[in-house]
Protein chains: 2
Amino acid sequence: MSHIRLRCTRCGAPHAADMATLACDDCAGPLDMEYRPRGQGGKAADRVAWSDVEPPSPLHDPPSALSLGEGDTPCAELPVAAELIGLRRLVGKLEFLNPTGSFKDRGTAVMIGVARELGVRELVEDSSGNAGASVSAYAARAGIKAHIFAPAGAPPAKLRQIAAYGAEVHSIEGPRDAATDAAVAYYTEHRLVYASHALSPYFLEGTKTFAYEVARQFEGGLPAHIVFPVGNGGLYLGAWKGFDELRSARLIAWVPRLHCVQSRTVMPLVAAHRGEEWDSGAQTATVAGGIAVGAPARRDQVLSALRATNGAAVAVDDGDILRWQSTLAEREGVYAEATSAAALAGLEQLVLRGVIGAGESVLVPITGTGLKDTPPA
Amino acid sequence: MSHIRLRCTRCGAPHAADMATLACDDCAGPLDMEYRPRGQGGKAADRVAWSDVEPPSPLHDPPSALSLGEGDTPCAELPVAAELIGLRRLVGKLEFLNPTGSFKDRGTAVMIGVARELGVRELVEDSSGNAGASVSAYAARAGIKAHIFAPAGAPPAKLRQIAAYGAEVHSIEGPRDAATDAAVAYYTEHRLVYASHALSPYFLEGTKTFAYEVARQFEGGLPAHIVFPVGNGGLYLGAWKGFDELRSARLIAWVPRLHCVQSRTVMPLVAAHRGEEWDSGAQTATVAGGIAVGAPARRDQVLSALRATNGAAVAVDDGDILRWQSTLAEREGVYAEATSAAALAGLEQLVLRGVIGAGESVLVPITGTGLKDTPPA
């Protein structure tokens, strides 16, 4: 692994790029990927055609990457939502059109691709559904046995999908965190790789392609704002990393404002951004199960990205989430899961508060398909 | 509608291009779209860059088409399936990554786009699931009220999806044909437009984009064979039409062999291709519900395309379909519905029989997602 190493996001200590190291040995901070310079000058941007721009990858052999056609998701105008919210223009990036039905495939393709290069034969992941399905699919393709630890209360369609790919599903009673605890106990006991989408630095190296695509699709006019539903921050932080790389390479002049939306019942990032305490034990159920993460491992990185991009963090109610889920399906023809609709509910607030102006361009990722998490009848 | 008219595929009679005419007034044959020449010479191919090639469209204003990001689906290598079948290389085109989860969106986008241009406010469709979901989604986006007539026994996830888009679902007891009869009675009584994916010539104008994409994605080396699961022939005939247009425009030199796969329990096309009688009353249930069409309206066109491309038609057993559905998910990471897996079962037969040689290149469309039609536990 000559071209990469890991660096602690908290204390800056360097670590070797393997799949066993998931946190800093010194301070337990989360790790990020760092690329060693490959001897290219800083003026490359002037000569690079957009179609040639590929993000740096931890894979040694990216062309043979474990592809199922992830990424390159289409954008669709959302004219009804724009009008209802009071925006001149709103664009959705249809991330649910990734191979397993959510944006997670971007991160998983790289994470499992690295695992395959390293000869991993068996791995563990915990997930409320989408990440588990994604890891199961790519592990199946890589010939790697996957153990997925999921809350017993996860949507049945998600659990069926995970099982269909041949993964071993470990159904864990109790809250979401219980599945994480069980996964940690299992991989420790069996000395397996923990392919955690929340912790693995390889995962973010995959989700950063989101930013590269946005820059290409909106060439000459980046959206001023991108509004994300955020739990662990897998897409949010990937996008931030991608935009930051593009700006460093002088391929874009500025970075869109990256906003976070959480459910009011599980809002650790919103609280921290406001400087308030938040008791993760106090969380209650939400329809936005995909972002119900009480103690996000990369919390401090999300807060840094909010500050760096002048982003806002807002909390939304389940009623508004469900209303937007229906509106997207019935008026725009976009069948999204509730978690994805949270972004629209948050966007509505941001416009009402004047954080986003009516004439500004806005992008919303539609992160997951409604097919796995059917709206209440 | 100056640039298009409809022409009977049986007797050749011309008809005006509206949405009310679904069959020939003279002989009741199915209709196809015909484009009036736009004064371009026959040598265009020499000057055209592939990225500029757009199929002729019945829409007057294609750029404002009713897009949800349909088409441009990715291709993925299927190395495990290739090895199991005995092929050097097999590629899947992941049609289930269309906006509502199946290839139908290609046809629906054009069919509903034309309806919107013509000011249609309310329409009727009958479907076992995928077409109904697709019509519901695009109708929702176009602000058109949709009535979907579906068999009561259709997969629940498909019915929920149709309803989520706000369509009125008419659940009809009895076999698949009963839903068609009920739809016909309803549109006749209420004088509504019948947006039938099986009959509408506009639908095939959308699915033909499949061929244009294949020609672009495989530039310089078209696959020798494409193996389709076929019920009404919506994708099969669209592909044939697209390849035929490309060859007429001298953009490709030859057309791949286009093969049909049906379920052994519902095989009117296979029987007709062999010159055998087939009693549509004798059909029994199959796991491949998406191709269980006892009396396909465009049967004769499918037979013509089979002859024209030297295609074969084969029937497969449910057991083989389910085995391939599992193999695709567990070994390739591709979660397809059973109907889609029928193509792999058919391909296996074609290689065993020597119709397809081990060294020839083969493409298989993976037509629909497994998320809507879960495999039996």
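Figure 1. Although A:Arg191 is not a glycine, its phi is positive, about 55 degrees. Most residues other than glycine have a negative phi.

Two notes apply to every view. Residues are numbered from 1 along each chain as its sequence is written, and chains are lettered from A, with ligands numbered from 1, in the order in which they are written. Because the model is predicted, local features need pLDDT of at least 70 and side-chain atom pairs count only at pLDDT 80 or more, while totals for chains, interfaces and linings use all residues; side-chain values use heavy atoms, with hydrogens and water left out.

**Figure 2. B:Asn310, a loop residue of chain B with a positive phi**. B:Asn310 lies in the loop that runs between helix H10 (299-309) and strand S12 (313-316) of chain B. The phi of B:Asn310 is near 60 degrees, a positive value in a residue other than glycine. With a relative accessibility of 48%, B:Asn310 counts as partly exposed.

**Figure 3. A:Pro30, a buried residue in a loop of chain A**. The loop that holds A:Pro30 lies between strand S2 (14-15) and strand S3 (31-35) of chain A, and at 7% relative accessibility the residue counts as buried. Which residues does A:Pro30 touch, not counting those up to four places away in sequence? They are A:Arg7, A:Cys8, A:Thr9, A:Arg10, A:Ala297, A:Arg298 and A:Gln301, where contact means heavy atoms within 4.5 Å. From A:Pro30 to A:Leu97 there are 67 residues in sequence and 29 Å in space, C-alpha to C-alpha.

**Figure 4. Cysteines without a disulfide**. A disulfide is a pair of cysteine sulfur atoms within 2.5 Å, and by this rule the count over all chains is zero. A:Cys8 is buried, with a relative accessible area of 5%. In chain B, the sulfur of B:Cys11 is 3.6 Å from the closest cysteine sulfur, in B:Cys24, which is again too far for a bond, and B:Cys11 is partly exposed at 43% relative accessibility.

**Figure 5. Helix H2 of chain A, mostly covered**. Helix H2 of chain A, residues 104-117, has 14 residues and reaches 20 Å from its first C-alpha to its last. This is close to the 20 Å expected at 1.5 Å a residue, the expected span being 1.5 Å times one less than the number of residues. Twelve of the 14 residues are buried, among them A:Met111, A:Ile112 and A:Val114. The buried residues of the helix pack against strand S5 (90-93), strand S6 (122-126), helix H3 (130-142), helix H6 (201-207) and helix H7 (209-217) of chain A. After H2(A) comes A:Gly119, whose phi is positive, near 80 degrees.

**Figure 6. Helix H8 of chain B, largely enclosed by the rest of the structure**. The 15 residues of helix H8 (residues 234-248) of chain B should span 21 Å at 1.5 Å a residue, and the end C-alpha atoms are 21 Å apart, which agrees. Twelve of the 15 residues are buried, including B:Tyr236, B:Trp240 and B:Phe243. H8(B) is followed by B:Arg250, which has a positive phi near 60 degrees.

**Figure 7. The meeting of chain A and chain B**. Between the chains, 32 residues of chain B are in contact with 32 residues of chain A.

Technical notes
Helix = DSSP H or I, 4+ residues; strand = E, 2+ residues; numbered from the N terminus. Buried < 20%, exposed > 50% of the residue type's maximum accessible area, 1.4 Å probe, protein only.
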